[in-house]
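I open this notebook to keep track of what I looked up, going from the chain as a whole to single side chains.

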Amino acid sequence: MGNTVTCCVSPDASPKLSRAHGGGGGAAPGPDRWADAYQAAAAGGGGGGSGSAEAESGDSDPGGGGGPHLQHISDREFPDDLALESNPSDHPRASTIFLSKSQTDVREKRKSNHINHVSPGQLTKKYSSCSTIFIDDSTVSQPNLRSTIKCVTLAIFYHIKNRDSDRSLDIFDEKSHPLTREEVPDDYYKHDPDHKHIYRFVRTLFSAAQLTAECAIVTLVYLERLLTYAEIDICPSNWKRIVLGAILLASKVWDDQAVWNVDYCQILKDITVEDMNEMERHFLELLQFNINVPASVYAKYYFDLRSLADDNNLSFLLEPLSKERAQKLEAISRLCEDKYKDLSKAAMRRSFSADNLVGIRRSNAILS
């Protein structure tokens with residue numbers, strides 16, 4: 001799901017293969033041209049440059065079956081480096097888009113601080129010492145809601161500010177599908193929203209719908225997946241509807257008790273249920289119905305959001321580590337360690353081959 005390459009498709013039906021074999025005119029090769037190519041291949045060449053190229057590329061039927069040979073799915077898979085580059089929301093090793101877009105501003109800010117001899121960090125920031133350890137209340141499994149929303153909206157801000165172009169779709173255009181009855185200005189597409197404006201919009205939705213911090217991270221995953229799959233940009237004309245569509249989808253996928261579309265219509269008074277349904281349908285189609293978020297991808301986005309917060313001095317609330325919380329963290333660590341040992345033992349038991357079961361002998365324990 002989510003792969004743009006399909007299996008068992010005729011080369012005539014593929015736009016990429018049609019362009020590759022159609023020559024300069026770009027037209028898809030018809031049955032006569034495929035028959036000429038097969039005859040040329042059977043004759044050992046001499047059928048013209050087009051037939052030779054097709055015969056050498058392996059698209060012709062080596063058995064002379066009279067029809068085009070269907071490529072195996074393994075021949076159509078994208079290379080790993082291309083997949084990692086084009087789909088960062090699907091692969092844990094790929095760098096997130098928002099973090100790379102923020103690096104330009106971070107470098108400029110560091111350069112300015114160095115020239116003006118300004119301390120890059122906050123003077124009130126707390127640091128751990130030998131006697132006191134400061135930790136925050138945000139973890140990958142239970143992120144802090146307020147801090148996570150701040151980081152997610154900051155990532156959206158950098159997406160808009162450092163966008164490559166203004167590619168968009170009509171379904172997300174706020175002029176064509178306004179969210180309020182107020183008239184949208186004619187120059188609405190020229191003014192980038194600031195971070196506070198984006199934060200207030202997202203915070204209002206999360207507070208009214210009582211969504212969790214995990215849902216905010218999944219929202220960012222869906223947003224970057226949409227930009228990658230649909231090849232569009234988030235810009236001043238579409239950012240509200242794209243963010244709303246991502247929140248709508250993330251709340252239904254993540255939360256057990258999902259918020260209905262009519263509930264969002266009560267939050268945004270002037271939007272209709274039909275508009276919400278249409279936007280959700282288009283969002284899913286553009287995602288190619290790939291709504292899966294692996295745990296590794298989720299963790300990557302969480303820690304990249306923490307890095308984004310550090311680069312922009314968005315500090316999480318730190319508190320001294322108490323004895324009670326230390327004991328709680330130790331108990332959780334032991335529980336995770338025990339689960340890991342059980343999984344390792346189960347994997348070791350499954351790793352034995354049926355052919356080697358007879359020869360396995362276990363040594364007796366020696367008690368001293």
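Before counting elements, I note that helices are DSSP runs of H or I with at least four residues, and strands are runs of E with at least two. On that basis I find 14 helices and two strands in the protein chain of this model, which is a predicted one.

I next looked up the totals for the chain. Of its 368 residues, 36% count as buried, and the chain exposes about 22,500 Å², of which carbon and sulfur atoms supply 53%. Taking the contacts between residues at least 6 apart in sequence, I see that 77% of them join residues at least 24 apart.

I then searched the whole structure for aromatic pairs, and the search returned seven. One of them is formed by Phe172 and Phe283, whose ring centres lie 6.1 Å apart with the planes at 85°, so I log this pair as edge-to-face, the cut-off for that class being over 60 degrees. Phe172 sits in the loop between α7 (145-161) and α8 (195-209), while Phe283 belongs to helix α12 (residues 273-286), so that the pair links distant parts of the chain, 111 residues apart. I also checked the accessibility of Phe172 and Phe283, and both are buried.

Last, I turned to the surface, where Ile133, Leu321, Leu329 and Ile332 form a nonpolar patch with about 310 Å² of accessible area together. Of these I followed up Leu329, which is found in helix α14 (residues 323-351).

Methods
Residues are numbered from 1 along each chain as its sequence is written. This is a predicted model: local features need pLDDT of at least 70, side-chain atom pairs count only at pLDDT 80 or more; totals for chains, interfaces and linings use all residues. Side-chain values use heavy atoms; hydrogens and water are left out. Rings of Phe, Tyr and Trp (its six-membered ring) pair if their centres lie within 6.5 Å; planes under 30 degrees apart count as stacked, over 60 as edge-to-face and the rest as tilted. Buried means under 20% relative accessible area, exposed over 50%, partly exposed in between (1.4 Å probe, protein chains only). Patches are made of residues with over 30% relative accessible area and no salt bridge: like charges are joined within 9 Å, nonpolar side chains (Val, Leu, Ile, Met, Phe, Trp, Tyr) within 5 Å. Accessible areas come from the Shrake-Rupley method with a 1.4 Å probe; for residues, only the protein chains shown count as cover. A salt bridge is a side-chain nitrogen of Lys or Arg within 4 Å of a carboxyl oxygen of Asp or Glu. Contact means heavy atoms within 4.5 Å.
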